[in-house]
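Open your viewer and follow along, one selection at a time. Here is what to pick next.

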Amino acid sequence: MQAQRQVIRCKAAVAWEPGKPLSIEDVDVAPPKAHEVRIKVVATGVCHTDWSYLREPGVGMTLRPFPLVLGHEAAGIVESVGPEVTLFSPGDKVIPLFLPQCGVCERCGSPKTNQCRKNWANTQAGVLADGTSRISCKGQQIYQFLGISSFSQYTVVPDISLAKIRSDAPLDKVFLLGCGVSTGYGAALNTGKVERDSSCAVFGLGAVGLAAIMGCKAAMAKRIIGVDINPDKFEKATLFGATECINPLEHKKPIQKVLVELTNGGVDYALECVGSTAVMSAALESTTDACGTCVIAGWTETEAMSVPVVKLLMGRTLKGTYFGGWKGARDLPRLVDDYMNKKLKLNEFITGTLPLEQINVAFDLLQSGNSIRTMISLQNPRVGSTPVNL
Ligand SMILES: NC(=O)c1ccc[n+]([C@@H]2O[C@H](COP(=O)([O-])OP(=O)(O)OC[C@H]3O[C@@H](n4cnc5c(N)ncnc54)[C@H](O)[C@@H]3O)[C@@H](O)[C@H]2O)c1
Ligand SMILES: [Zn+2]
Ligand SMILES: [Zn+2]
């Protein structure tokens, strides 16, 4: 209980302003308030969404306030809990959720959606339920990206924004389920509902796209075509289940035409995992006009996609997915079980490990296409943390 009254001083990678490298700082992480949990973050990944927000603010994402601590794909251990927290105790292994599951709202009760709206506006604005963040640096409030901020050794999140996972789960692997892998895997299984013996095309072979391929394979699709402008991604795509891979840059015709010809009329499912409106249109048009389904996982909050109505009239379906349709608190423990039972790959997504101090290198690796996910280790001995009495 003593820990609850203490601020923890620890290291975090602070984004002071857009476009600038992250800066490793001493931050103060306040004790959790009612219905909040303070967690020691053990491992985190850099998702393309963190990258877009820092490096291309306003391009794909609406501006959110700076300074902030990014990071939303993570795993950690509960350090302390605030008043009225009943489901978590210190020592529990957890995965933070950028999409909560309050369990009581109408949407949480619906099998059709995972779009719990509890705390939504605050989470998007980088603050917790009371309108403030728990992280500060040199006395200044630091916003919590998507309500999480996993590029900090400690953070505080609402108790509805956490999935409790089994105690033997390796945190340096299952952090991937906090965003990219769950998103792509669920895009195929939950949103697309890919069927056995179907044909699929997955655009973009980063963590989200590779996980989408893994989902198509789990659904027993017959043909899974990986599409990327970086052919270095093809080997991994094949490992995850792609039956063939195509580089659009090697074709004179638009990629949708290539795919329609290759499949005699279009694929049954196309999954867009890039975040480009041009690729989204290509993905839609690569599906069979009679009954193809296009799922958009790639992110843009600012751009519009133009769809000629006739492209839908014959029977295509266009869908989007957020966090792969998973209800996090309920479903992530099951995905962890699937990993532990070797039904789901995670290790293969990790292309390197770096300490928090070198997190900017992980951003560069993602940008240059030289990584899938770099595991950022937050608790290595060189970056210590100290409790500070209030
Ligand atoms: N919907 C969600 O809930 C959700 C969750 C996580 C990530 N995302 C989004 O998913 C997207 C992918 O994330 P990621 O972390 O896997 O990114 P990533 O950068 O690791 O992978 C993107 C891949 O797309 C490829 N690519 C770029 N342009 C292309 C083109 N024209 N045609 C084909 N391939 C192309 C790149 O070479 C790269 O391999 C991003 O837009 C991210 O913001 C969405
Ligand atoms: Zn993400
Ligand atoms: Zn809810």
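Two strands pair if DSSP finds at least two bridges between them. Helices (H or I, at least four residues) and strands (E, at least two) are DSSP runs, numbered from the N terminus. Residues are numbered from 1 along each chain as its sequence is written, and chains are lettered from A and ligands numbered from 1 in the order in which they are written. This is a predicted model: local features need pLDDT of at least 70, side-chain atom pairs count only at pLDDT 80 or more, and totals for chains, interfaces and linings use all residues.

**Stop 1: a strand with two partners.** Select strand 6, residues 93–96. Strand 10 (residues 162–165) runs antiparallel to strand 6, joined by 4 bridges. Find isoleucine 95; alanine 163 in strand 10 stands opposite.

Which way do the residues of strand 6 point? Lys93 and Ile95 go one way, Val94 and Pro96 the other. All are buried, meaning that 20 or more other C-beta atoms, placed from the backbone, lie within 10 Å of the residue's own.

**Stop 2: the core.** Select valine 174. Leaving out residues up to four places away in sequence, Val174 touches Ala75, Ile95, Ile165, Ala169, Val336, Tyr339 and Leu346. Contact means C-beta atoms, placed from the backbone, within 7 Å.

Val174 is among the residues with the most contacts inside the largest nonpolar core, which has 118 residues. Such a core is a set of buried Ala, Val, Leu, Ile, Met, Phe, Trp, Tyr and Cys residues joined through C-beta atoms within 7 Å. Helix 5 (residues 207–218) gives the largest share of this core, 8 residues. Domain 1 and domain 2 both contribute residues, so the core lies between them.

**Stop 3: two domains.** Color 2–178 + 346–389 as domain 1 and 184–322 as domain 2. These bounds come from an automatic or database domain assignment. Their centres, taken over C-alpha atoms, are 30 Å apart. Where they touch, 16 residues of domain 1 meet 13 of domain 2. Helix 1 (residues 48–55) supplies the largest share of the domain 1 side, 3 residues.

**Stop 4: the ligand.** Select ligand 1. What comes nearest to ligand 1? Of the 33 residues around it, His48, Gly204, Gly206, Gly275 and Trp299 do. A residue counts as near if its C-beta atom, placed from the backbone, lies within 6 Å. Helix 1, helix 4 (180–192) and helix 5 each supply at least two residues of this shell.

Note on methods: A residue is buried if 20 or more other C-beta atoms lie within 10 Å of its own, exposed if 12 or fewer, and partly exposed in between; C-beta atoms are placed from the backbone. Two residues are in contact if their C-beta atoms, placed from the backbone, lie within 7 Å.
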